[in-house]
Each structure stands twice: as C-alpha cells, then as structure tokens.
Amino acid sequence: LNIANVMEQKDIENVVGTATEALTIVSDLSQIKNAPGVRKANEDFHAIGLGAMNLHGYLAKNKIMYESEEAKEFASSFFAAVNFYSLKKSMEIAKEKGESFTGFEVSEYANGNYFDMYLENSFLPKSDKVIELFDGIKLPGIEEWKQLKSDVQKYGVYNAYRMAVAPTQSISYIQNATASIQPIVDVVETRMYGNSQTYYPMPFLASDNMFFYKSAYNMDQEKIIDLVSVIQPHVDQGISTVLYVTSDVSTKT
C-alpha cells in the first residue's frame, strides 16, 4: 500500500479489501510442485503479506515530523484500520468459500481473545491535526470491532497470516514513495544498480517541507523504535526495521 495514495483516495476499506483479495488469489494459485512444504503451507494457512510504504513521504507532505507524537498517532490509526479491513475481507472470503485456515478453531480468532485490544481501546485519531488527515475516511471504532469479532467467530478467517511490512526500497522508487515505514537517509538518495548510479529525490519535496525530511542518521533511534512499536500490534507478522548508526556511536551504545 502506498500510504499517500490510499489516504488521498479516502477509501481504505476498498483498497485494503482489494489488496487482500488479490494476494489471496496469488497464494491459492501457487502450486510449487518441487517445494511440497510451501505448497502444504499455502493449502493450510493461505498466508499473505500485505505491507505499506511511503510513511515518511506522507508525513513530510503534511508537515509532520517523523519523530513526533502526531506521527505515532497517525501510524497507529492507519494500521489499525488496515488490520480491520484486511481481517474483514479474510472473514468474507472464508464465508464465501466455506473454509477457514487449518487450526482456526483453536486460534485466538475463534476464542475471541484477538479482539480484546480493540474492544478495550479506541485507535481513532485524537489530535486535531491527525483527525483532519482522516477527514472523509471511514475508520473502525469499538462497535465495528465488536461486530467483526462476532462475524469472525461465526464465519471464520481464511488467511492465518495477513500483514507484513517489507523493506520495499527499489519498488518504492518506482512508486514515487519513501521506503517502507522507515525514515529517509537523505533528501536525494543515491543507489548503485550494477554499473549504473541512480539519484532519487524524495516524493513531494519542496522548499516548504524539506525541514520535515530529516535524515534517519540524525534521528533519535529510540524514536524510530517507538514508531514501529505502535504499528506492530496491528501487524501479525514482521516489520522490516533498520536502525541507523554512524561512526560516532560506540560499540557499547
């Protein structure tokens, strides 16, 4: 998901639902004969990996610092919504096919424990700035999570694993996006591909938002961890995370 594009389209439900369905089709059609373990895993778990990119780009475009509390609030609300709509689509696929992933009946989805976090806490935006970003976008609240819990327990879930945030660096350049959920290294990044060198200026770069494109090497690395930490509860698989260390940082640190 290109976060900037998803937010500008103002229809997270449709975009995430379509992406979940497309990835599921790829998983279902993958019959790798010489890798029986992979084939069996696909048949049993229907695992997919829905990820995202352009977090820093979207924040900079909207003049929000990557290390700020507003960035954490946005990321938490956005990925909670992505999780909700991908799980909703997975439930709908299970309902349509009459099939859940192997072991669903003993999973945290089936007993309802998975939903406790969402029934006890609201992940809707709270600050004026972040509320404004989500203007016109349908976000799930506690009541919507209650209904989804009921539907999941009734109809099941097709994909045992749904979300994973990959590095995406090269594909991000093609998408005019910053890589993954990571901060940028420089306002114009340089990369070598074989014998060719490429220069990539950050998306939406302008004189009035350049200040918000702070290099990862100049950031408090604990702030990067803090941002990842509010996204991870909504991601059932991994998040590719890089910490940036200069030669001035000691081995002990």
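**Ground rules.** I am working with a predicted model, where local features need pLDDT of at least 70, side-chain atom pairs count only at pLDDT 80 or more, and totals for chains, interfaces and linings use all residues. Residues are numbered from 1 along each chain as its sequence is written, and side-chain values use heavy atoms, with hydrogens and water left out.

**Entry 1, the fold.** I looked up the secondary structure and found eleven helices and two strands; these are DSSP runs numbered from the N terminus, with helices being H or I of at least four residues and strands E of at least two. Along the sequence the order reads α-α-α-α-α-α-α-α-α-α-β-β-α.

My search of the whole structure gave ten salt bridges, each being a side-chain nitrogen of Lys or Arg within 4 Å of a carboxyl oxygen of Asp or Glu.

I started with E8 and K61, whose closest N and O atoms are 2.3 Å apart. E8 sits in helix α1 (residues 3–9) and K61 in helix α4 (residues 55–61), so this pair ties together parts 53 residues apart in sequence. Both ends are partly exposed: E8 has a relative accessible area of 45% and K61 one of 33%.

Next came K88 and E13, which meet at 2.9 Å, N to O. K88 belongs to helix α5 (residues 69–97) and E13 to helix α2 (residues 12–29), so the pair ties together parts 75 residues apart in sequence. K88 is partly exposed at 24%, and E13 is partly exposed at 22%. I followed this one further and found E13, K88 and K138 linked in a network of salt bridges.

My last pair was K40 and D44, at 2.5 Å, N to O. These two lie in helix α3 (residues 36–45), four residues apart, about one turn of the helix. Is D44 buried or exposed? At 17% relative accessibility, D44 counts as buried, whereas K40 is partly exposed at 49%.

How values were computed. Buried < 20%, exposed > 50% of the residue type's maximum accessible area, 1.4 Å probe, protein only.
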